[in-house]
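Here is a friendly note to read alongside the model.

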Amino acid sequence: MEENTILGWFTDDPFEAGQKLMEESGQWKFWNKDDLIGLKPNLVVSKKASSGATTHPEFVAGVIEFLQDKGFSNLKIVEGSWVGDSTARAFKVCGYTDLSKKYGIPLVDTQKDDSVSCEATNGDYRICRSVLELDRLINMPVLKGHCQTSVTCALKNLKGCIPDSEKRRFHREGLHQPIADLNEILRPDLILVDGLQGDPDFEEGGNPLRMNLFLAGVDPVLMDSYVTGLLGLKTEHVPYIGKAAVLGVGVPLNENSVITYLNKGEGLPGIERTAQASRLGHFIREKSACSACYASLMQALSVMEQDGRLPEHAIHIGQGYKGKTLDGYGVGVCLNGASESVPGCPPKVEDILAFLKKIG
């Protein structure tokens with residue numbers, strides 16, 4: 001997949017999401033069958049995924065089965081919980097011990113691994129040896145909030161690839177620059193985000209928000225700037241995103257970014273329930289919109305907001321308008337009876353963005 005692209009899949013089935021996003025990403029087509037592939041979930045604490053803190057084991061299982069079916073057999077699950085918790089306990093509580101037994105996949109506890117000093121632009125950092133030995137790294141974070149950095153997703157999830165001593169150092173140095181530096185050293189081959197029910201406020205979970213959304217991408221800066229908007233924040237609220245961009249790790253969300261939803265999310269509560277929609281919702285007149293269509297509009301509005309150019313007119317969206325004549329503006333094929341509308345089911349973000357700029 002292209003570096004400027006994010007794929008989205010709406011479902012309440014993590015296994016299905018893992019299979020679908022692996023297939024559609026196409027990244028595996030460029031890998032050798034004997035590559036050593038590491039899957040890096042977020043098991044920051046010993047809490048089940050239903051808490052909103054950790055990556056669903058079924059999501060990882062979907063990826064494992066997909067890769068094994070394609071002939072990849074050299075797989076590992078690599079993780080290190082936060083300082084004060086035990087990765088071994090997290091593996092068991094979060095369902096990964098059973099996952100390991102079922103698929104014959106070894107679990108690597110980076111808390112018990114030795115480390116190697118690696119050079120970055122802003123200094124040297126110690127990285128766990130087992131991570132450096134990988135040929136391919138699949139980063140599988142949870143889309144969730146964080147009490148210190150506001151958001152944790154792709155970029156910050158790589159903290160599990162460093163020893164506890166470095167984790168303490170990251171906090172001493174304020175987290176943001178070290179996180180950016182870490183991502184200058186480690187470049188995952190694929191990012192698969194578990195947005196089923198991450199906690200929008202706390203890394204350790206406890207208040208999960210049901211979003212039923214899973215994402216795939218290869219640019220961690222793009223991914224994190226995108227999900228920051230889904231949580232109702234702006235990229236500048238999360239300094240490590242901009243710092244990583246300066247280091248050449250990736251490119252933040254912009255007009256050339258391509259956000260593609262592979263299904264509509266019909267019948268599922270979607271990202272319209274997040275804080276971002278509460279802030280931008282007064283621009284929208286919604287009646288029974290599918291999640292994918294709504295998400296496309298929300299993303300276009302997010303880009304407009306960052307540019308300081310939010311529309312002056314209300315935008316209508318949803319199946320409730322289907323077959324009706326409307327004196328106003330609409331998004332999606334259901335609004336073809338509006339005075340002006342954007343076609344598509346769902347329409348592309350870039351098409352909605354061009355439309356919004358045109359109508360002012």
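1. Which residues does L356 touch, not counting residues up to four places away in sequence? L356 touches A300, L301, M304 and I315, where contact means heavy atoms within 4.5 Å. Please keep in mind that this is a predicted model: local features need pLDDT of at least 70, side-chain atom pairs count only at pLDDT 80 or more, and totals for chains, interfaces and linings use all residues. Residues are numbered from 1 along each chain as its sequence is written, and side-chain values use heavy atoms, with hydrogens and water left out.

2. L356 also belongs to the largest nonpolar core, which has 74 residues; L215, M223, Y226 and L356 touch the most other members. Helix α12 (residues 291-306) gives the most to this core, with ten residues. Apart from it lies another core, of 35 residues, including M22, L43, L190 and A216. A nonpolar core here is a set of buried Ala, Val, Leu, Ile, Met, Phe, Trp, Tyr and Cys residues joined through side-chain atoms within 4.5 Å. Buried means under 20% relative accessible area, exposed over 50%, and partly exposed in between (1.4 Å probe, protein chains only).

3. Now look at helix α1 (residues 14-25), with twelve residues. From its first C-alpha to its last it reaches 16 Å, close to the 16 Å expected at 1.5 Å a residue; the expected span is 1.5 Å times one less than the number of residues. Its buried residues are P14, A17, G18, L21, M22 and S25. They cover an arc of only 120° around the axis, which puts them on the same side of α1; the arc is that of the directions from the helix axis to the C-beta atoms. An α-helix has 3.6 residues a turn, so residues three or four places apart point the same way.

4. What do the buried residues of α1 pack against? Their partners are β1 (5-10), α2 (57-69), β7 (136-140), β10 (190-195) and β11 (213-217). At the N-terminal end, D13 caps α1, with a side-chain oxygen 3.1 Å from the backbone nitrogen of F15. After α1 comes G26, whose phi is positive, near 70°.

5. In helix α2 you will find L67, which counts as buried at 0% relative accessibility. Leaving out residues up to four places away in sequence, L67 touches M22, W28, W31, I37, F72, L75 and I138. L67 and K33 are 34 residues apart in sequence and 9.3 Å apart in space, C-alpha to C-alpha.

6. Helix α7 (residues 164-172) has E166, K167, R169 and F170 as its buried residues. They cover an arc of only 160° around the axis, which puts them on the same side of α7. These buried residues pack against β6 (123-128) and α8 (176-185). G174, whose phi is positive, near 90°, follows α7.

7. Is T110 buried or exposed? T110 is buried, with a relative accessible area of 1%, and is found in the loop between β4 (107-109) and β5 (115-120). Beyond its neighbours within four places in sequence, T110 is in contact with V78, E79, G80, C128, S130, V131 and G160.

8. Finally, the whole chain. There are 13 helices and 16 strands in the protein chain; helices (H or I, at least four residues) and strands (E, at least two) are DSSP runs, numbered from the N terminus. Of the 360 residues, 58% count as buried. Among contacts between residues at least 6 apart in sequence, 71% join residues at least 24 apart.

Note on methods: A polar contact is a pair of N or O atoms within 3.5 Å; within protein, one must be able to donate a hydrogen and the other to accept it, and residues adjacent in sequence count only if both atoms are side-chain atoms.
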